[in-house]
Amino acid sequence: WRDEVEARMPRIAEVPFDSDRKRMSTIHRTDGTGPEYIAYVKGAPDVMLPLCEAILEDGKPVGLTPARVEHIENIIRDLGQAGLRVLAVAYRHLDWVPEHPTADEIEKELVLIGLIGMTDPARPEVAPAITRARRAGIRTVMITGDYPTTARAIGEQIGLLRPQGHVITGAELNHLSDEDLDAQIDGIDV
């Protein structure tokens, strides 16, 4: 239980969630069975995987080979296509903790623990509201922080994503000129 874990491995510092990094870290004093400190990092899989050098298999870290990365990316895609929000979770042992830990110091050389797929279904009134808005001539666009495949699946589930509609990521949007955005905006639903 949470209280038991916190008593055994108290949180001593954190690097808060940041929407640009898409992840957060907590640092804990360990229970004395290994290195003195451990950092746990959770966040968007697409930003977490490049920070990982190993994956936990059968309780031991093993190298994160290109084949393993491809397998993990396929799982992330499949979970997203099922409409699940996906988080990656990793850890890193630390010999010491900086007074003011930063992402650059903590969030590197990680060992991937696994993925979490969470369901967060749209409220039942969302799909009918989109239909009513469409009938009234109102175009609805969904803005979300979800992984693109998850956003697509949710857009389809609620009837928002049109047959020819597109999903665009924030990174893709940032690289569009005003003219390119103006040319594409009518086709973007999510």
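In which sense do strand β4 and strand β5 pair, and over how many bridges? The answer is antiparallel, over four bridges. One note before going on: this is a predicted model.

Stay with that pair. Strand β4 covers residues 52–57, and strand β5 covers residues 60–63. I55 has V62 in β5 as its bridge partner. The two strands form a hairpin, with two residues between them. In the turn, D58 has a positive phi of about 55 degrees.

Next, helix α3, residues 66–81. E73 sits in this helix. Its relative accessibility is 43%, so E73 counts as partly exposed. P45 is 28 residues away from E73 along the chain, and their C-alpha atoms are 8.4 Å apart.

The largest pocket has a volume of about 910 Å³. It is lined by 35 residues, and the closest to its centre are K22, T144, G145, D146 and Y147. Elements giving two or more residues to this lining are β2 (23–29), β3 (37–43), β6 (85–94), α6 (148–157) and α7 (170–174). The largest share, four residues, comes from α7. By class, the lining of the largest pocket has 20 nonpolar, eight polar and seven charged residues.

The second largest pocket holds about 350 Å³ of space. Among the residues lining the second largest pocket are R2, E6, R11, H28, Y40 and V89. Here α1 (2–8), β2 and β3 each give two or more residues. The lining of this second pocket divides into six nonpolar, two polar and four charged residues.

Definitions and conventions:
Residues numbered from 1 in each chain as written. Predicted model: local features only at pLDDT ≥ 70, side-chain atom pairs only at ≥ 80, totals over all residues. Heavy atoms only, no water. Pairing = 2+ DSSP bridges. Buried < 20%, exposed > 50% of the residue type's maximum accessible area, 1.4 Å probe, protein only. 1 Å grid on protein atoms, 1.4 Å probe; cavity = no way out; pocket = protein on both sides within 12 Å on 5 of 7 lines; lining within 4 Å. Points joined across faces, edges and corners; volume = space filled by probe spheres on them. Nonpolar A, V, L, I, M, F, W, Y, C, P; charged D, E, K, R; others polar.
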